[in-house]
Amino acid sequence: MTNTAEPRHAAHEQTDRGYIPIYTTAVVEQPWSTYSQTDNAVWAALFRRQRDVLPGRACRELLENMERFGMRADRIPRFDDLNKMLRRATGWELIAVEGLLPESVFFDHLSKRRFPVTWWIRKPEQVDYIAEPDLFHDLFGHVPLLLNPVFADFMHAYGCGGVKASRIGPEALMNLTRLYWYTVEFGLIRTAEGLRIYGAGIASSKAESIHALESPAPNRLGFDLERVMRTKYRIDTFQKTYFVIDSFESLFEATLPDLAPVYAELREMPPHGAGDVLPSDRVDHRGTREGWALDADF
Ligand code: PHE
Ligand code: CO
C-alpha cells in the first residue's frame, strides 16, 4: 500500500472513446487525514447541491441508502467507515484507487465484490463539470446502490461478465461497456411516481439530473438488453437517449443468460446512433432533439 498526495498518471491510452488517462492500477490507502479544507469544501458544496436536487428525481433506493450510510455534507466520508456497513449488507467493499482503471483490472475487482473509488476530489473550478470520475462521482453516485441486494448482485455479475467478455474479444467488451453506460451510469427507472434516476453519472451531476428527467430534447426509451448493447453513446455531452428499466430485478434477470450468442449476433449488425429511435422501441418520450444540431455525430 502506498499513500500519495497527488494522483499519479501512469499513461494515457487512445481508445475508441477518445484519449483517456490511465492511472497506476494499485490499490492505495485513502489518505483521509490529508484532505484539505478546500477538498472538504468541494465535497460539501456538491453534496448540498445534489441533496437539494435529487429528492423527487432520484429513486427511493438511492436516497434511502445514502441516508443509511450516514453520508454528510461536512466531511468527506472515510471508506473504512462505509465498508463496515457495506460488508455486512451485501458483501461489497470499497477500495481506494488513483482513478480510471484498465477494463481488465476493473472487472477483476467487481468480480470479487470490490468497488474501486477514486480517492481524490475535483478542484473548485471543476464543480460543474469534470471529464473523468473523481471521489464525488464514485462515492456519491455509485456507492449508495451497492447497499441494495439486487443491484449489488447485478454489479458482481457484471464484473464476472466482463472477465468473460474480455476473453471473447473487443466487440463483446464494447457491447458490455454500452450496457454499463446506459444503466449503471445513465439509467432511469420506472416507479409508481414516474421516472426516477438511478445512474451515477446523472445522480452526481446537477445539470444532468434536471436534463435527464425534464428536458424535452433526449429520448427516454424502454430498456432492452440487445438494443442497449448495440447503441453508441456520447461521453462529452448530455445523453441523447436514456433507457428506462422497470426494476432492478428485471435488469438483473435480463443479464442472467449466457451472453456469448448475443455478442456473436451483434457482431454482424451495425450499431445504432446515440439519438436513434427505432420502430421496435418502447417510447416513454421521443426527444425533440433540441440543440443537437450543435453536436456532431449522434
Ligand atoms: N450472463 C452474462 C454472460 O454470460 C454476464 C453478465 C452479467 C453480463 C451481468 C452483464 C451483466 O456474459
Ligand atoms: Co461512474
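Where is Glu98 found? Let's start there and then walk through the rest.

1. **Before you read on.** This is a predicted model, so to speak of a local feature takes pLDDT of at least 70 and side-chain atom pairs count only at pLDDT 80 or more, while totals for chains, interfaces and linings use all residues. Residues are numbered from 1 along each chain as its sequence is written, chains are lettered from A and ligands numbered from 1 in the order in which they are written, and side-chain values use heavy atoms, with hydrogens and water left out.

2. **Glu98.** You'll find Glu98 in the loop between β3 (93-97) and α4; helices (H or I, at least four residues) and strands (E, at least two) are DSSP runs, numbered from the N terminus. Glu98 is buried, at 0% relative accessibility. Buried means under 20% relative accessible area, exposed means over 50%, and partly exposed is in between (1.4 Å probe, protein chains only). The side chain of Glu98 makes a polar contact of 3.2 Å with the side chain of Trp119. A polar contact is a pair of N or O atoms within 3.5 Å; within protein, one must be able to donate a hydrogen and the other to accept it, and residues adjacent in sequence count only if both atoms are side-chain atoms.

3. **Ligand 1.** Have a look at the 13 residues that surround ligand 1; the closest are Ala157, Lys164, Thr255, Pro257 and Leu259. Being near here takes a heavy atom within 4 Å. An oxygen atom of the ligand is 2.4 Å from an N or O atom in the Lys164 side chain. A nitrogen atom of ligand 1 is 2.6 Å from a polar backbone atom of Thr255, and a nitrogen atom is 2.8 Å from a polar backbone atom of Pro257. On its own ligand 1 exposes 330 Å², and the protein buries 92% of that (Shrake-Rupley method, 1.4 Å probe; for residues, only the protein chains shown count as cover).

4. **The shell.** Which helix gives the most to the shell around ligand 1? That's α6, with five residues. Both α6 (149-168) and α7 (170-185) supply at least two residues each.

5. **Tyr158.** Tyr158 sits in helix α6 and counts as buried, at 5% relative accessibility. Leaving aside neighbours within four places in sequence, Tyr158 is in contact (heavy atoms within 4.5 Å) with Phe107, Leu110, Leu176, Thr177, Leu179 and Tyr180.

6. **The core.** The largest nonpolar core has 84 residues, and Leu94, Phe115 and Leu139 touch the most other members. Its largest share, nine residues, comes from α7. Such a core is a set of buried Ala, Val, Leu, Ile, Met, Phe, Trp, Tyr and Cys residues joined through side-chain atoms within 4.5 Å. Beyond four places in sequence, the contacts of Leu94 include Phe79, Phe115 and Leu139.

7. **Arg113.** Check the loop between α4 (103-111) and β4 (114-118) for Arg113. Is Arg113 buried or exposed? Buried, with a relative accessible area of 19%. A polar atom of the Arg113 side chain lies 3.1 Å from the backbone oxygen of Thr90.

8. **Pro216.** Last stop: the loop between α9 (206-214) and β7 (219-222), where Pro216 has its place. Pro216 counts as partly exposed, at 34% relative accessibility. Pro216 and Gly287 are 71 residues apart along the chain, yet their C-alpha atoms are separated by 5.7 Å.
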